[in-house]
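This report describes the structure shown below. It treats the domains, the core, the ligand shell and selected residues in turn.

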Amino acid sequence: RHKFWETQPVGQFKDVGDTSLPDGPIEPPTPLSEVKQEPYNLPSPYEWTTCDMDSEDTCAEVYNLLKNNYVEDDENMFRFNYSKEFLRWALRPPGYYKSWHIGVRAKASKKLVAFITGVPARIRVRDEVVKMAEINFLCVHKKLRSKRLAPVMIKEVTRRVHLENIWQAAYTAGVILPTPITTCQYWHRSLNPKKLIDVGFSRVGARMTMSRTIKLYKLPDSPATPGFRKMELRDVPAVTRLLRNYLSQFIVSPDFDENDVEHWLLPTEGVVDSYLVESPETHEITDFCSFYTLPSSILGNQNYSVLKAAYSYYNVSTKTPLLQLMNDSLIVAKQKGFDVFNALDVMHNESFLKELKFGPGDGQLHYYLYNYRIRNALRPSELGLVLL
Ligand code: YNC
Ligand code: MG
């Protein structure tokens with residue numbers, strides 16, 4: 001059924017429940033000299049290109065490919081619209097490899113028609129920290145679909161990851177492939193219910209009116225927690241300690257050091273927002289919350305073209321109840337003009353979703369590891385990893 005995925009070192013559906021297979025790498029690394037030195041062959045009208053995300057022109061080409069061809073919802077009403085600044089942030093973390101930012105061009109026109117990326121990450125699985133690639137932004141132009149280009153792109157990124165002596169990867173997808181380590185659900189908290197209803201993102205509930213709906217989702221004008229403020233560069237060491245300690249309880253999570261925290265969590269305008277609670281008495285950093293900015297294009301609506309969405313990222317509560325911390329996060333997101341705040345049911349998110357008036361979305365997000373078996377699927381609450 002999966003002509004390509006059946007050939008890959010991933011957990012196979014036929015092995016689900018087989019307790020004789022050990023957790024950990026499926027295949028051992030091969031000597032680097034045995035890694036294929038030349039790129040895989042593309043159909044002859046196409047050629048490989050390495051995308052230099054430092055270049056304004058290349059970044060704009062990638063942005064436009066994704067804006068027009070990347071992920072849509074099941075009803076084709078919305079399409080992710082990652083900003084150029086976001087793409088630069090997502091693709092240039094500490095130690096990134098330019099060679100993992102892979103494009104395909106039409107030889108004749110030089111038009112960019114496909115893309116796939118990896119970035120390096122240390123991911124902890126139980127008590128082992130594994131160097132991995134996080135694979136994202138796999139996209140084939142709408143006119144080139146179903147021609148088996150995706151398997152070639154996946155094999156090529158795999159080859160380039162292997163050339164850096166890295167043998168595992170993590171990725172998410174909306175489709176079911178062999179085989180998810182966990183399956184998560186998105187939840188949505190309306191911040192601008194009128195717009196969400198007007199564009200068909202949500203509906204006026206049974207026995208509800210527009211004005212009652214607006215009242216239901218109303219939030220205070222400013223955060224309630226004393227000492228709640230934006231994260232700054234000087235907070236990196238304290239946030240790293242807080243986050244490392246928090247993430248250690250999950251079965252799978254990133255192993256963040258201070259450089260990673262500075263890159264992934266220090267606020268970047270229009271890309272990632274982070275707040276923390278500094279105790280007014282002790283000046284201790286006790287709590288942390290963050291979200292990233294990922295708008296969606298609204299397809300074929302007369303009045304609106306963009307849905308402004310915030311996505312819950314990493315949140316840590318030690319003193320402030322998580323519910324209160326996340327309510328403050330909703331308040332600042334509302335103040336910044338977001339229409340909706342999205343969160344997965346990962347980590348401890350279940351504990352606040354219903355109470356803070358998030359509603360379950362349709363469509364699921366499956367998490368996968370490449371060349372690393374986990375015999376028993378995790379519960380979403382056992383996962384401490386958010387991919388972009
Ligand atoms: C997908 N999302 O099953 P089988 S998520 C992985 N991830 O193979 P074709 C996928 N595989 O089943 P199309 C996939 N979607 O026959 C499809 N596949 O074994 C598999 N959409 O290829 C599929 N972006 O080229 C099948 O299909 C084979 O032309 C079919 O292209 C697919 O970024 C795609 O949703 C997704 O642009 C490119 O539909 C296209 O349809 C598209 O005939 C809209 O492909 C955008 C979209 C996907 C977002 C993402 C994560 C990707 C992970 C890739 C796997 C990485 C593995 C680890 C590599 C490093 C290893 C090391 C070390
Ligand atoms: Mg194709």
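## Domains and their contact

The centres of domain 1 and domain 2, taken over C-alpha atoms, are 26 Å apart. The two divisions of the protein chain are domain 1 (5-174) and domain 2 (183-382), with bounds that come from an automatic or database domain assignment. The contact between them takes 42 residues from domain 1 and 36 residues from domain 2; two residues are in contact if their C-beta atoms, placed from the backbone, lie within 7 Å. On the side of domain 1 that touches domain 2, β2 (78-80), α2 (84-91), β4, β5 and β6 each supply at least two residues, and β6 gives the largest share, 6 residues. This side divides into 23 nonpolar, 9 polar and 10 charged residues. Here Ala, Val, Leu, Ile, Met, Phe, Trp, Tyr, Cys and Pro count as nonpolar, Asp, Glu, Lys and Arg as charged, and the others, Gly among them, as polar.

The model is predicted: local features need pLDDT of at least 70, side-chain atom pairs count only at pLDDT 80 or more, and totals for chains, interfaces and linings use all residues. Residues are numbered from 1 along each chain as its sequence is written, while chains are lettered from A and ligands numbered from 1 in the order in which they are written. Helices (H or I, at least four residues) and strands (E, at least two) are DSSP runs, numbered from the N terminus.

## The nonpolar core

The largest nonpolar core contains 96 residues, and F115, V239 and F341 have the most contacts inside it. Such a core is a set of buried Ala, Val, Leu, Ile, Met, Phe, Trp, Tyr and Cys residues joined through C-beta atoms within 7 Å. Strand β4 (residues 112-125) gives the most to this core, with 9 residues. Both domain 1 (5-174) and domain 2 (183-382) give residues to the core, so it lies between them.

Leaving out residues up to four places away in sequence, F341 touches R189, L191, F291, A310, L330 and A333.

## Helix α8

Helix α8 (residues 322-335) has 14 residues and reaches 20 Å from its first C-alpha to its last, close to the 20 Å expected at 1.5 Å a residue; the expected span is 1.5 Å times one less than the number of residues. L325, M326, N327, D328, S329, L330, A333 and K334 are its buried residues. A residue is buried if 20 or more other C-beta atoms lie within 10 Å of its own, exposed if 12 or fewer, and partly exposed in between, with C-beta atoms placed from the backbone. Just after α8, G337 takes a positive phi of about 90°.

## The shell around ligand 1

Ligand 1 is surrounded by 34 residues, of which the closest are H2, F4, L138, A150 and A169; a residue is near a molecule if its C-beta atom, placed from the backbone, lies within 6 Å of it. At least two residues of the shell come from each of β5 (128-140), α3 (149-162) and β6 (168-173). By class, the shell holds 24 nonpolar, 6 polar and 4 charged residues.

## Exposed residues

D23 is placed in the segment before β1 (46-50) and counts as exposed, with 12 C-beta neighbours inside 10 Å. Apart from neighbours within four places in sequence, D23 is in contact with R373, I374 and R375. D23 and N376 are 353 residues apart in sequence and 9.1 Å apart in space, C-alpha to C-alpha.

Most residues other than glycine have a negative phi. N76, in the loop between α1 (56-69) and β2, has a positive phi near 55°. K110, in the loop between β3 (101-106) and β4, has a positive phi near 65°. N76 is exposed, with 9 C-beta neighbours inside 10 Å, and K110 is exposed, with 10 other C-beta atoms within 10 Å.
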